[in-house]
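Please keep the sequence and the structure in view while reading.

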Amino acid sequence: MPTGSVAAISYAEARTYMHDVLLRDTDQMSMAHGLEVRVPLLDHTLVEYVMGLPDAYKQPQGIPKRLLWESLHGLLPSSIVRRPKQGFNLPFEIWMRGQLRAVCEERLGPRGLAGRGFFHPAALQSMWEGFPDAASGPSWSRLWLLVVLEDWLERNHLEFDADALDQPR
């Protein structure tokens, strides 16, 4: 187990968020586009070495990623090495408006979630119709959660009895 607070945080993040989200998403997106992605900074020898360094080496004068910057000096332009972090967004929004549109409409429609009795069908329809308007409509992630919920309910053969909610316990 690493020593020092920076090392402990780095270890925890590598074992959870990086492993369970970042690497999984990178793998899925690269496979979807026929790409083979390598992660050279995760070579076990390099990771063990860096994790074993004292925290003071990792953030001298409070500057994060100083070791990374210095290791890339002369190999990449400074404008790339020192640019601000930027996120990687999965293209669900594009897919939901394109090749997944019919799937979403089916899952949210009357033969899907809207027909189960625990959502107002008009509200679901309104959300879906508002989705193309990115400025004021619901986010893709809110709708995708509902699509996935319906898929899960269907796969697990779960039904909903709206009358059971009205019964006292």
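D27 belongs to helix α1, which spans residues 5-32, where helices are DSSP runs of H or I with at least four residues, numbered from the N terminus. With a relative accessibility of 40%, D27 counts as partly exposed; on this scale, buried means under 20% relative accessible area, exposed means over 50%, and partly exposed lies in between, with a 1.4 Å probe and protein chains only. Between D27 and A14 there are 13 residues in sequence and 16 Å in space, taken from C-alpha to C-alpha.

The model is predicted, so local features need pLDDT of at least 70 and side-chain atom pairs count only at pLDDT 80 or more, whereas totals for chains, interfaces and linings use all residues. Residues are numbered from 1 along each chain as its sequence is written, and side-chain values use heavy atoms, with hydrogens and water left out.

Helix α9 covers residues 140-155 and includes D151, a residue that counts as buried because its relative accessibility is 18%. The side chain of D151 makes a polar contact with the side chain of R155 at 2.6 Å; such a contact is a pair of N or O atoms within 3.5 Å, and within protein one must be able to donate a hydrogen and the other to accept it, while residues adjacent in sequence count only if both atoms are side-chain atoms.

H157 is placed in the loop between α9 and α10 (162-166). Its phi is near 55°, a positive value in a residue other than glycine, and H157 counts as exposed at 68% relative accessibility.

| Helix pair | Angle | Axes |
|---|---|---|
| α8 (residues 121-130) and α9 | roughly 135° | within 10 Å |
| α7 (residues 101-108) and α9 | about 65° | 9 Å apart |

The α8 angle makes that helix oblique to α9, whereas α7 is roughly perpendicular to α9; angles under 35 degrees count as roughly parallel, over 145 as roughly antiparallel, 65 to 115 as roughly perpendicular and the rest as oblique. L124, M127 and W128 of α8 make the contact with R142, L143 and L146 of α9, contact meaning heavy atoms within 4.5 Å. In α7, C104, R107 and L108 meet several residues of α9, among them L143, L146 and D151.

Key. Helices (H or I, at least four residues) and strands (E, at least two) are DSSP runs, numbered from the N terminus. Axes are lines fitted to C-alpha atoms, for helices over the stretch in contact, and angles run from 0 to 180 degrees between N-to-C directions.
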